[in-house]
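Student: I would like to go through the labels given to parts of this model and check what each one rests on.
Tutor: Then take the labels in turn.

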Amino acid sequence: MLVGRESLVRLVGKRKRTLSSSAAVSLLHPDRPTSPPALPEGDAGDDADVSRTPPAAAVVRVMSDCKVGVGGEAESSGRVKCPVCGTAIFGSDYAVNSHLDSCLSRGSKRKVSQPTLLQLNFFSKPSNKSCSKDSKIQCRSVEEHDMDADNEEENPTSFDSEVASDHSCGVNLSVSDSVAYAHASREICGYNLLKNRANVNAVIGNADDKVNISSACCLPTINVDNIEKCSAGYSESVKVLETFIVGHRFHENIDLWPGASISIVREPENINDRHAIKVLYAMSGHEQTVGHLPRQLVKYLSPLIDNYGLKVEGFVTSLPKHPRDVFRIDLVCQQMVTYSEMKPGDIQIFESLWENSIRVVGYENFRPNRMKYQQNFLVMIKEVMNQHAQLFTDEEKSFLGSFGSFSDDSQRTFIRLYTRKGPWFRMCNVRYAEVLDSTKAIEELQSAGYVDLFQSTQYPSKIDLREVTDTLTITELREISKLILLKKGLNNNKKHEFVDSLCTAYEDGTCLLLPSMISEKAGTCVKISSVADSLLWRIQRLFFLNGEQDLSAFLLVDLGLVKYPTYVCNISQPIFHGRNNFVAYEEAIEVAQIMDQSLEENNVETVNRCIELSTGHISSSFEEMSGSSYGYQATFLSCFSASWVYSKVVTLGVSFLECEKRLHRNWICLHSFYKMEANSYQNTNTSSLQTLSLHKDAVKLLKGLLKRCLHDRKRGYWTLRLSVDLEHLGFANESLSVAEEGILDPWVRAGSRLALQKRVLRLGKPPRRWKIPDFAAAIRRKIPEVHVKGRPLNSETGTKSRYYGYDGEQCGVEQLALQYYGGEGGGWRGVHAESGIWLTIFGLLMWDILFADVPDVFRTQFQMAPLDLDSDSFYSSRRDLIESHLQRINDGMADEMLIISWESHLNTACRGVNWGRHTLSDLRAAVSCIGGRNLAPICRLLARDYKTWSSGMPDLLLWRFHGEDGSTGEAKLVEVKGPRDQLSEQQRAWMLFLMDSGLDVELCRVSPML
């Protein structure tokens, strides 16, 4: 794989369906003229540039045009404001009527007069709300939200209460079970923490599973002063909580009806949740389980039952309209222990638990029928709009805000489509168990501009023809192929082969009837609109801050497959200081995606255009970010700049040009070997000129990168490749000068620095240089070598060497070396883990450092490491904390620290830590034999420059104990090489550092027996 290709793929992540930026259009369609886009409407941020309109803003403006409804009629898309929920919606008759139906059917709290509805005079109308004072405890978060909205000025960009309560920080309650986001929400929301948090945590759970009371700030805030509390004089105070049953679909054989009595029983033995409370129903003389109470509620309710004797009974209040909806129930809670019987500290804990139970109920009663993925999606939108509102125009905010006003069916249908591959889906295949009416849901989404429809009466364009054809089954494609292509393509067995043959026949004009036949077979098709796709890509990118994570991250947490660590999101400044910064970053990501796609398709012309465009867009933003607005964070926030992305594209372009250069050189050698005729020599000379041109292009790109990107860890690679290419062009003196300058560059480190030093020694011989450099002796040091013989299985060049091990089984060179060292090599034990075991030890020992409270390095609840781990800022911003931690390791406390970290954070996701590959006993043995004096420098090196030094460590880590009690031990690190393998400069840099640290290091060379 080309150098930089893998990192570019990770950077791009999930590819965008719609590439709408001007740069992307110019790359994909270089002959298409581009008209200057209109200026963006609304506030585009403080740094708005009137000379450039963000491409997505122009795309959103398409919403003002007429849209085609499901029935094919044109609809006006002017926006009006709903009198019920206040959301800006499209002004067509269908959109208004369907939206009002959905609003009124949900039982909105607003009062709407008939004249208002008839005149369509949409405005916020004040309404008076009051809480009921009967025995039931009514959560007032919804009413308070509506009253707050009525007191505000009309704002079409605000999110309505159906997305999430304004008092909520937008945290998904199914995810907020983790302590990580409980801490994060504490900082983001800014709410005051409840008192006695430590005592309540002690009641709810231990350190591994405790629930931070600060998570209550993620729930709707209610006025608890009006809630009737238990007092010392009333031992039988009764409260009622409105909630619902989850998991009833697993007990569908039990029929319930409104008014049916249910029993509430604790289930501490539940392996999924030790706070579980199951719901029982008496049927035929014995009780049967009908489900459980929501996880978020039992977290606070179970301690009240276990420790304070709270008696809970209940009854069913309503039945679900859909099989996947929930049963609503009322829980009658009776306090059996009076305040006079409690200790003063217990009273505060009791009140805190009870108040949090009410907060949870207030949230759950708001929209209890939401599917988890639906709730996660809304949380993602809400969180991004809370944190990054300045990056969206008013029109975009209004468009995204309208999603919360859709019916449940529409929301679920859209999310299902958005997470599928697509882009086109046949309506006959858009059927989901949790959606009652998919057709009506699509109509609502289409009228709002979230999806586009293609009907059988329309012909697909040439651009969409292949996409629509791909929706057909292989049987349908075979039928069309028989009719149109006669016998051509009938032997195809794969779907993509049928699609390719049909589309090729249409493009060359031999099959002009193909569009009509495809339309007839496909029927009505639907896809996510370009507007929605572009904006939701932004939402997802801003929420996760990377391209590798998507909505499946929520699912992994909900299923308990991934547990994220605990940390505080202490955000002091935004990543993107204006809309233009983010739009430029988005455009750069699109260029990177096109670069990746073009390499995949071997489209050399587009690859060259990507390189040329990226070169022109790289600026000195690295230096600009080091100003007062960013300070020490410049190095780790620079990865969110357009220039950083373009530099990765150009780096990949250099690797591509050098690869093309090698191919041309091999072609020349092949022709020379066979002694081609005179006309062939002319072609050879031409190819030589092409190779020379590729060298010059690579040199030009590398010089530009080194000149503009002054603070990048790739400077070592760029400098090394520039020196090599200059030597190939015959400029040996300049190549030597570049290598000498690179050695002095503080950003050239580890293997790259070592490689440049070796080049200086080789090129700097007299008469070019007479003085021997000071580092010559260190570079020429010898690494101890051991030679092992084995019986080979293969000896082919380019394949991984395989041998028969000492046990007679087939194995690689590393396993063979392990067997050697375990036997005649000295009775060593060990593992083949390369960098893996070292990064695991570093992560466990430095856990508290990695997740320390440092501003701006934690911004989402799905991080496995701080954002600055790969930068120098990681060490500089935690210098004192790191050094004190390393001193404890140096003093021999590593084993104790390792045990505590393992037991406290077992199976918690952390970058570099592999819980399943290494056992605690192996890690303890390794740490004990390495010793604190040798381990502390290794941890310091990783803390200073994790990105550079996290690869290239020796293959084997070996250890053995001495004495009868095994109290003392020693460690050995071994790099294993096969007969055709060479030691890389990064590996050599590691081995020299380990030797300087006092560790026993060897190079084991495996060779076949003669």
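This is a predicted model: local features need pLDDT of at least 70, side-chain atom pairs count only at pLDDT 80 or more; totals for chains, interfaces and linings use all residues.

Student: Why is S655 called buried?
Tutor: The relative accessibility of S655 is 5%, and buried means under 20%. S655 therefore counts as buried. The residue sits in helix 25 (residues 642-673), and, leaving aside residues up to four places away in sequence, S655 touches L2, V3 and Y717.

Student: Why does L555 count as partly exposed?
Tutor: L555 has 46% relative accessibility. Buried requires under 20% and exposed over 50%, with partly exposed in between, so L555 counts as partly exposed. L555 lies in helix 20 (residues 552-558).

Student: Why is strand 19 described as largely enclosed by the rest of the structure?
Tutor: Strand 19 spans residues 968-977, and seven of its 10 residues are buried, so the strand is largely enclosed.

Student: How do you know that strand 19 pairs with strand 18 and with strand 20?
Tutor: Pairing requires at least two bridges. Strand 18 (residues 956-962) and strand 19 have seven bridges, in the antiparallel sense. Strand 19 and strand 20 (residues 1000-1008) have six and run parallel. Both pairs therefore meet the definition.

Student: What lies between strand 18 and strand 19?
Tutor: The two strands form a hairpin with five residues between them. G963, in the turn, has a positive phi of about 80°.

Student: What makes strand 11 and strand 12 edge strands?
Tutor: Three strands form an open antiparallel sheet in the order 11-13-12. Strand 11 (425-426) and strand 12 (451-454) each pair on one side only, which makes them the edge strands.

Student: How do you know that strand 12 pairs with strand 13?
Tutor: At least two bridges are needed, and strand 12 and strand 13 (residues 525-528) have four, in the antiparallel sense. The two strands therefore count as paired. Within this pairing, D452 stands opposite K527.

Student: Which helix lies across strand 12 and strand 13?
Tutor: Helix 14 (residues 438-447) does, running at about 115° to strand 12.

Notes:
Residues are numbered from 1 along each chain as its sequence is written. Side-chain values use heavy atoms; hydrogens and water are left out. Buried means under 20% relative accessible area, exposed over 50%, partly exposed in between (1.4 Å probe, protein chains only). Contact means heavy atoms within 4.5 Å. Axes are lines fitted to C-alpha atoms, for helices over the stretch in contact, and angles run from 0 to 180 degrees between N-to-C directions.
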